[in-house]
Amino acid sequence: MLRSKPLRLRLRQRASLKAILWAPPVLCLLAVACHKRPAVTPATPGSVEGKVTATHGVSLHGLKVALRRANTVGGTLSAATTTDASGRFRVAPVAPGQYIIECEIAGRSASVGLVVQPGETLRTVLRLQDPARLTGRVLDRKGNPVPSALVLVWPSGQGTTQAQESVTSEQGTFVFEQLFPGNLSVLVQAAGIGSVKLDPVSVPSRPLVINLDGVGLSIEGSVVGPKGPEPQATVRLGGAGLRSARTTETDTQGRFRFHGLGPGEYALRAGTVVLASSTRAVTVADADVTGEPLRLGPGEVISGNVIDGARKPLGGARVVVQAVPPDDCPEVLTPDVVGYFSTIALPRGQYEVSAAMPGFVAEAPQRITINGRPPALSLALFRAGRVVGRVVLPNGKPAAGAQINVTSPAGSRYPRDRLPVVSGNLPLAAEAAALGTQLLPHVMRTRSVTADAKGTFSLGELRPGSYGLAASLEGAGRVTAKPRLVTEGTATDFGTLTLVPVVSAAPTITPMPTGARTLIGTVKDAKGKKVPNASVAVGLTADPSSEFVSTIANSEGNFVFSSLPDGKALTVRARHPELGSTALPVGGTDKSVALRFLAPGGIEGEVVDARGRFVQDARVSLRSADGTLGPPVQMAGAGFRALGVPSGSWTLVVQIGDAPPAIQMPLEVPPAAQPGVASLRGIRVKLPKP
């Protein structure tokens, strides 16, 4: 009799799921992880490898994959890589611990939580939803194509800090290749021609045809060399109203044409490999322009290389060659794979050459003078660093909303006004100003950042060097941190900063003159309607600066002062944030007073540079005599307008980028004849020469 041996089943762990899945509504992400865990010491590092695919298994190459430490301030970056041609990636070595792996595409990101054990090889597959494609064409009122128009696309109902952008071609076409299906907002801007916002646009979508209200105009001309008409010469068109300079080539007769232009000031320049014309200013008003020929003379080429911090060639940067002073017609170049760039021939003069690339920061631009053949340039870009940390209140709770400023010690090799770098161009405000500031992308031109609800902060785009921090929160205190070294491509953690209450000096108290006098009054607007909640103060007429007692008018616009000095001439002043201020003298025996605000006014004007050309990137604001910020000033291209300005004395403040100082212009704003009309027009702010 045969006896069967008991069957023993032995389970062997083949795979384990070690991912915490997260996905936004439009992003489908699946992570599958398995590992091999040999017998190793606890200090042995592990690795993470995997593949990124689309929904139908199509590999996504060239995507950035980042591995960040979990449970650290700002998610300290541990390593980063990009997917290869087959969509695969590998990060090694990886110290044991908890991580978050991130993959970003088309402004959307997905993250997966991972736990890497000692010596473990963790494998993951990320499957992202297939991107959609959106194409379209921008036309003017007559159906002609509008080139160089800006097109912004972002998820409907969200801000535009994650917006994608494109610029229309010479045929007015645009295309977005990697959009996630869903409802999107589309904003089109063409300076001088118009702007249109479409919301929502369902993607995938048929090709869009977007018509603007204005009519595009053209500039035509010819290029003449020493031997006559110059065929195949390169002609560049620049201008404050263009998002970027446009380029075309002359035909066999040396002729050229730029179409789809809005009214404004433009600049033309032509060149070949050895000849160049001077830059010519052209004004486009309400009709097409045919100008005098551009005549070519001797010219020289500016060339060079872009390198990284290790002095290795760096391709893919953006090089800008701008005349000094600027002529609105810069040369914008893309170096080849070994970082080499070269312009067409440029006329003699001085030029400023700079390089930029996302994730990198540069030194100050180099200046070069063309007076003969110039030497080759070497432009260095350094991987950007960042600072992270956390700010807490004296009681240890998060200091949400605290302002954190980066400070650069004296003697730094980098100018303070060049601490940040803005990657890419910013959209024109132009006609889109009326659509609301929420439509414009957030402009990262600040050296400060605001702490979030947890008190954490992260500020990037910093050059390698030593930086300090100063944090403050109104009513809570401030704190400074000693400078720390920020190296290339790394995040420096300043840890937790605790605010220290600021003790201010005790104010000087002036004894208030008193008596048995009572004064009652009322506050009304220009139409005789009572004004509630106006601030009312009284002082001695002999001393205009003395306001020894104040009150707030009630809901009926009435107020009462008691215990005022007997027999003294007084002045009563009323202030209101929308109506401004008004004052009225009161005799020594008067017992009542009626104050009346004047009708609010408004201002309209424009900003131009030293040569009279419109400036579209100005920031304009109003401030009262005590420094209080006035009503918002709406920008429309180079023009500005503000209504509801309380009549009286104001200071118009104009700021261009981060360049100090701001231009200040005193204004006396009269009351408007009727609501909604500017009472002070034709203001012209002319910028000084750079």
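Predicted model: local features only at pLDDT ≥ 70, side-chain atom pairs only at ≥ 80, totals over all residues.
The protein contains 56 strands and zero helices. It has 690 residues, and 44% of them are buried. The accessible surface of the protein is about 35,800 Å². Carbon and sulfur atoms account for 53% of that surface.

The whole structure holds 13 salt bridges. One of them pairs Arg123 with Glu49, with 2.9 Å between the closest N and O atoms. This pair links distant parts of the chain. Arg123 lies in strand E9 and Glu49 in strand E3, 74 residues apart. Arg123 is partly exposed, because its relative accessible area of 28% falls between the 20% and 50% cut-offs.

A salt bridge also joins the side chains of Asp327 and Arg269, at 3.0 Å from N to O. Asp327 sits in the loop between strands E29 and E30, whereas Arg269 belongs to strand E22. The two residues are 58 apart in the chain. Asp327 is buried, with a relative accessible area of 10%. Arg269 is buried too, at 3%.

Glu606 and Arg684 form another salt bridge, their closest N and O atoms lying 2.3 Å apart. Glu606 is in strand E50 and Arg684 in strand E56, with 78 residues separating the pair. Glu606 is partly exposed, at 23% relative accessible area. Arg684 is also partly exposed, at 43%.

Some salt bridges share partners. Such bridges connect Arg236, Arg269, Asp327 and Glu331 into one network.

Definitions and conventions. Residues numbered from 1 in each chain as written. Heavy atoms only, no water. Helix = DSSP H or I, 4+ residues; strand = E, 2+ residues; numbered from the N terminus. Buried < 20%, exposed > 50% of the residue type's maximum accessible area, 1.4 Å probe, protein only. Areas by Shrake-Rupley, 256 points an atom, 1.4 Å probe, with all protein chains shown as cover. Salt bridge = Lys/Arg side-chain N within 4 Å of Asp/Glu carboxyl O.
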